[in-house]
Amino acid sequence: EAAAKKEKEEKEASVKKEKEEKEAAAKKDKEEKEAGLKREKEEKTKQESGSKKETTEQKSTEKSVKKETNEQKNTDKIVKKEANEPKNTEKSVKKETNEQKNTAKIVKKEDNEPKNTEKSVKKETNEQKNTDKIVKKEANE
């Protein structure tokens with residue numbers, strides 16, 4: 001009876017030990033699986049963060065390029081404006097010269113008006129004299 005009891009206890013202890021080993025192995029597998037999933041998640045987050053960082057850097061680079069392009073355009077406009085200043089000055093001088101010529105023409109025209117009026121009066125007087133001569137000639141005939 002003692003031997004059967006001892007055997008039973010040994011069997012129970014063996015079953016208990018086997019059960020504990022299985023539980024420990026299952027627990028270990030579960031922990032390893034969770035650790036693996038955690039690493040994968042961390043790596044994915046790290047990749048996404050890196051990708052987001054790259055996108056941000058790309059946008060920043062694009063903004064810098066756009067800013068430089070606009071600065072170059074502004075510089076080009078200034079250079080073009082400066083290059084056109086002598087032409088514009090030349091145009092202004094030419095315009096002033098033409099205005100002076102036009103003013104001189106107007107003054108000359110105004111100066112000539114009395115002479116032209118005098119000529120017109122003289123012409124009318126001569127025409128009147130010629131008409132008078134013709135009338136006198138016809139009267140004498």
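The following questions and answers concern a predicted model of one protein chain.

Local features in this predicted model need pLDDT of at least 70 and side-chain atom pairs count only at pLDDT 80 or more, while totals for chains, interfaces and linings use all residues. Residues are numbered from 1 along each chain as its sequence is written, and side-chain values use heavy atoms, without hydrogens and water.

User: How many helices and strands does the protein chain have?
Analyst: Helices (H or I, at least four residues) and strands (E, at least two) are DSSP runs, numbered from the N terminus. Helix α1 covers residues 2-140. The count for the protein chain is 1 helix and 0 strands.

User: What radius of gyration does the protein chain have?
Analyst: The C-alpha trace spans about 195 × 35 × 15 Å along its principal axes. The radius of gyration is taken over C-alpha atoms, and the globule rule is 2.2 Å times the number of residues to the power 0.38. A compact globule of 141 residues would come near 14 Å, but the protein chain has 58 Å.

User: Is K44 buried or exposed?
Analyst: K44 lies in helix α1. Buried means under 20% relative accessible area, exposed over 50%, and partly exposed in between (1.4 Å probe, protein chains only). Because K44 has a relative accessible area of 51%, its class is exposed.

User: What distance separates the C-alpha atoms of K44 and K67?
Analyst: K44 and K67 are 23 residues apart along the chain. Their C-alpha atoms are separated by 34 Å.

User: Which residue forms a salt bridge with K22?
Analyst: Side chains of opposite charge can pair when their charged atoms come close. A salt bridge is a side-chain nitrogen of Lys or Arg within 4 Å of a carboxyl oxygen of Asp or Glu, and a search of the whole structure finds 1. With the closest N and O atoms 3.9 Å apart, the partner of K22 is E18.

User: What percentage of the residues of the protein chain count as buried?
Analyst: E12, found in helix α1, is partly exposed at 48% relative accessibility. Of the 141 residues of the protein chain, the buried share is 1%.
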